[in-house]
Amino acid sequence: MSNNVIEKVTELVQPITDRHNFELVEVEFVKEGQGWFLRVYIDKVGGINIEECAMVSDELSEILGRTRSRSNSTSLFLRSVFSRG
């Protein structure tokens, strides 16, 4: 399951990072304790700041919300966008 999620999220987030000239470093989807965690790591020359992480996170949340609505998915997870450094 997690490989499918990683592939799908990578497809969804890559256009976001490309549009902002960021590098998509890694996408993780891991179970920790009772919950699932989606982590997206991004970078750019000179480094990523918190506002840029928030911007990518917000854009990805919007897309994921639409995707989940269409699939009637009820699964819950926590999502985070991080700087590489």
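Predicted model: local features only at pLDDT ≥ 70, side-chain atom pairs only at ≥ 80, totals over all residues.
View 1. Residues are numbered from 1 along each chain as its sequence is written, and side-chain values use heavy atoms, with hydrogens and water left out. Valine 40 touches Val9, Val13, Leu24, Glu26, Val27, Leu60, Ser80, Val81 and Phe82. Residues up to four places away in sequence are not counted here. Contact means heavy atoms within 4.5 Å.

**View 2. The largest nonpolar core.** A nonpolar core is a set of buried Ala, Val, Leu, Ile, Met, Phe, Trp, Tyr and Cys residues joined through side-chain atoms within 4.5 Å. Buried means under 20% relative accessible area, exposed means over 50%, and partly exposed is in between (1.4 Å probe, protein chains only). The largest core has 18 residues. Val9, Val13, Val27, Val40, Ile42, Val56 and Leu60 touch the most other members. Two or more residues each come from helix 1 (2-19), strand 1 (23-32), strand 2 (35-43) and helix 2 (50-71). Helix 2 gives the largest share, five residues. Helices (H or I, at least four residues) and strands (E, at least two) are DSSP runs, numbered from the N terminus.

View 3. Two strands pair if DSSP finds at least two bridges between them. Glutamate 23 has aspartate 43 in strand 2 as its bridge partner. Leucine 24 stands opposite isoleucine 42, also in strand 2. Two residues lie between the strands of the hairpin. In this turn, glycine 33 has a positive phi of about 65°.

**View 4. Asparagine 21 in its loop.** Asparagine 21 lies between helix 1 and strand 1. Its phi is near 60°, a positive value in a residue other than glycine. Most residues other than glycine have a negative phi. Is asparagine 21 buried or exposed? Asparagine 21 counts as exposed, because its relative accessibility is 67%.

**View 5. The aromatic pair.** The structure holds one such pair. The rings of phenylalanine 29 and tryptophan 36 have their centres 4.7 Å apart and their planes at 15°, so the pair is stacked. Rings of Phe, Tyr and Trp (its six-membered ring) pair if their centres lie within 6.5 Å; planes under 30 degrees apart count as stacked, over 60 as edge-to-face and the rest as tilted. Phenylalanine 29 counts as buried, at 8% relative accessibility. Tryptophan 36 counts as partly exposed, at 24%.

**View 6. Arginine 39 and its polar contact.** Arginine 39 sits in strand 2. With a relative accessible area of 16%, arginine 39 is buried. Its side chain joins that of glutamate 32 in a polar contact of 3.0 Å. A polar contact is a pair of N or O atoms within 3.5 Å; within protein, one must be able to donate a hydrogen and the other to accept it, and residues adjacent in sequence count only if both atoms are side-chain atoms. Not counting residues up to four places away in sequence, arginine 39 touches Glu26, Val27, Glu28, Val30, Glu32, Ser80 and Phe82.

**View 7. Glutamate 28 in strand 1.** Glutamate 28 lies in strand 1. Its relative accessible area is 21%, so glutamate 28 is partly exposed. Which residues does glutamate 28 contact, leaving aside its neighbours within four places in sequence? They are Ile6, Phe37, Leu38, Arg39 and Tyr41. A polar contact of 3.3 Å joins the side chains of glutamate 28 and tyrosine 41. Threonine 10 is 18 residues from glutamate 28 along the chain, and their C-alpha atoms are separated by 9.6 Å.

**View 8. Alanine 54 and serine 80.** Alanine 54 lies in helix 2. It counts as partly exposed, at 35% relative accessibility. Alanine 54 and serine 80 are 26 residues apart in sequence. In space they are 8.9 Å apart, C-alpha to C-alpha.

**View 9. The protein and its confidence.** The secondary structure comes to two helices and three strands. From the N terminus on, the elements run α-β-β-α-β. Mean pLDDT (the predictor's confidence in each residue, from 0 to 100) is 84 for the protein. Confidence is highest in helix 1, at 93, and lowest in strand 3 (residues 78-83), at a mean of 70.
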